[in-house]
Amino acid sequence: MVCKRCASDNHGAFNGEVAIHFPGLNGLDKPIVWAFPKLAVCLKCGFTEFIVPERELRVLVHGTPVEGAQVLPNSPVRLSDKAGDKSASSATEG
Ligand SMILES: [Zn+2]
């Protein structure tokens, strides 16, 4: 494989974790799509290529979640809303 950006053949294969966001203000109402593709990284310039899996690609095409795709829905979930917060600070008053 030759890099499309710098023509180097010095590349490596890595496991990736990518969160894909729709652009612009309209993107705030769309799901965030998670993909875990194999990455082909040019070790000279950093240019990276990967293939979005078909199921996650359908989310990008339609802008709505599909069954089985790993997406973060557009309604935010705050970590502070989750139970089990261990913020036990033992402040002593003097
Ligand atoms: Zn390159």
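**View 1. Gln70 lies in the loop that runs between helix 1 and strand 6.** Helices (H or I, at least four residues) and strands (E, at least two) are DSSP runs, numbered from the N terminus. This is a predicted model, in which local features need pLDDT of at least 70 and side-chain atom pairs count only at pLDDT 80 or more, while totals for chains, interfaces and linings use all residues. Residues are numbered from 1 along each chain as its sequence is written. Gln70 is partly exposed because 16 other C-beta atoms lie within 10 Å, where a residue is called buried if 20 or more other C-beta atoms, placed from the backbone, lie within 10 Å of its own, exposed if 12 or fewer, and partly exposed in between. Although Gln70 and Ala19 are 51 residues apart in sequence, their C-alpha atoms are 9.7 Å apart in space.

**View 2. Three strands make an open sheet in the order 2-3-6, with antiparallel pairing.** Strand 2 (18-20) and strand 6 (71-72) stand at the edges with a single partner strand each, so one side of each has no neighbour in the sheet. Two strands count as paired if DSSP finds at least two bridges between them; strand 2 and strand 3 (residues 32-35) run antiparallel and are joined by three bridges. Within this pair, Ile20 stands opposite Val33 in strand 3.

**View 3. Another open sheet of three strands has the order 1-4-5, and its pairing is antiparallel.** Strand 1 (11-15) and strand 5 (48-49) are the edge strands, each with a single partner, so one side of each is left without a neighbour in the sheet. Five bridges link strand 1 to strand 4 (residues 38-42) in the antiparallel sense, and Ala13 stands opposite Ala40 in strand 4.

View 4. Of the 94 residues, 9% count as buried. Among contacts between residues at least 6 apart in sequence, 51% join residues at least 24 apart.

Technical notes:
Two residues are in contact if their C-beta atoms, placed from the backbone, lie within 7 Å.
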